[in-house]
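Take a look at the structure below. We will start with its charged pairs and then step back to the whole chain.

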Amino acid sequence: MSVPILLASGSATRQAMLRDAAIPCDVVVPRVDEAAIRDALLADRHPPRDIADALAEAKARKVAMSHPDRLVLGCDQVLEHRGALLSKPQSPEEARAQLASLSGDRHTLWSAAVVYEDGRPVWRHVGEVRLHMRTLSQDYISDYVARNYDTVQHCVGGYRLEAEGARFFTRIDGDFFAVLGLPLLPLLSWLIDRGNLAA
């Protein structure tokens, strides 16, 4: 028997991943001050993995407070490069700067998911993905951002791996789904082990 997930995210990509995996889901977008949470955790020197986990849990908790009878899934991603965290670019200039800083180097993406049930957390997973970016020319970065800013402004790092951004990389160590915003395979395993999904 499939139990519908209540996804605490407005991400169309996360919704598509769940639906493509035949996981029924409804959506409620939580009102969470992500920047305040992230900044407070950074000030207390929490590692990026814990920040991703805390942001995912904050979203799940917020929605679960209003829907305690549902299985609520919160997700978040944090991109770490040379000890700094990158956020979604707020302008085309910021997107170009992020890509220029990542060019020719490795960065790490932490993709967290937390599930609430009966108003409390019952499952969590944080996936680590290491991405190796080829050296990109400034002209190509500028052209890419000009063509794609409408979609990449919603992506940490300023790229979409599932689209033209795939050109940027020479190697990816980790779960492709986690890069898209959801550690889908661990979530599927948990749902199947609980009997919420058939397999």
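A search of the whole structure, which is a predicted model, finds 14 salt bridges.

Asp 53 forms a salt bridge with Arg 124, and their closest N and O atoms are 2.8 Å apart. Asp 53 sits in helix α3 (residues 48-66) and Arg 124 in strand β6 (residues 120-133), so the pair ties together parts that are 71 residues apart in sequence. Asp 53 has a relative accessible area of 14%, so it is buried. Arg 124 has 37% and is partly exposed.

Helix α3 takes part in another pair. The side chains of Asp 76 and Lys 59 meet in a salt bridge, at 2.5 Å from N to O. Asp 76 lies in strand β3 (residues 71-81) and Lys 59 in helix α3, so this pair ties together parts that are 17 residues apart in sequence. Are these two residues buried or exposed? Asp 76 counts as buried because its relative accessibility is 5%. Lys 59, at 8%, counts as buried too.

Next come Asp 173 and Arg 171. Their side chains meet in a salt bridge, at 3.2 Å from N to O. Asp 173 is partly exposed, with a relative accessible area of 22%. Arg 171 is partly exposed as well, at 45%.

Now turn to a loop. Ser 103 is placed between α4 (92-102) and β5 (106-117). Its relative accessibility is 18%, so it counts as buried. What does Ser 103 touch, leaving out residues up to four places away in sequence? Its contacts are Met 133, Arg 134, Thr 135 and Leu 136.

Step back to the whole chain. There are 7 helices and 7 strands. Along the sequence they follow the pattern β-α-β-α-α-β-β-α-β-β-α-β-α-α. The C-alpha atoms fill a box of roughly 50 × 40 × 25 Å, taken along the principal axes. A compact globule of 199 residues would have a radius of gyration near 16 Å; the chain has 17 Å, which agrees.

Buried residues make up 46% of the 199 residues. Among contacts with a separation of 6 or more, 67% join residues 24 or more positions apart. The accessible surface comes to about 9700 Å², and 48% of it belongs to carbon and sulfur atoms. Finally, the charges: the chain has 23 positive and 26 negative ones, and their mean positions are 1 Å apart.

Conventions:
Residues numbered from 1 in each chain as written. Predicted model: local features only at pLDDT ≥ 70, side-chain atom pairs only at ≥ 80, totals over all residues. Heavy atoms only, no water. Helix = DSSP H or I, 4+ residues; strand = E, 2+ residues; numbered from the N terminus. Rg over C-alpha atoms; globule rule 2.2 N^0.38 Å. Buried < 20%, exposed > 50% of the residue type's maximum accessible area, 1.4 Å probe, protein only. Contact = heavy atoms within 4.5 Å. Areas by Shrake-Rupley, 256 points an atom, 1.4 Å probe, with all protein chains shown as cover. Lys, Arg positive; Asp, Glu negative; His and termini not counted. Charge placed at Lys NZ, Arg CZ, Asp CG, Glu CD. Salt bridge = Lys/Arg side-chain N within 4 Å of Asp/Glu carboxyl O.
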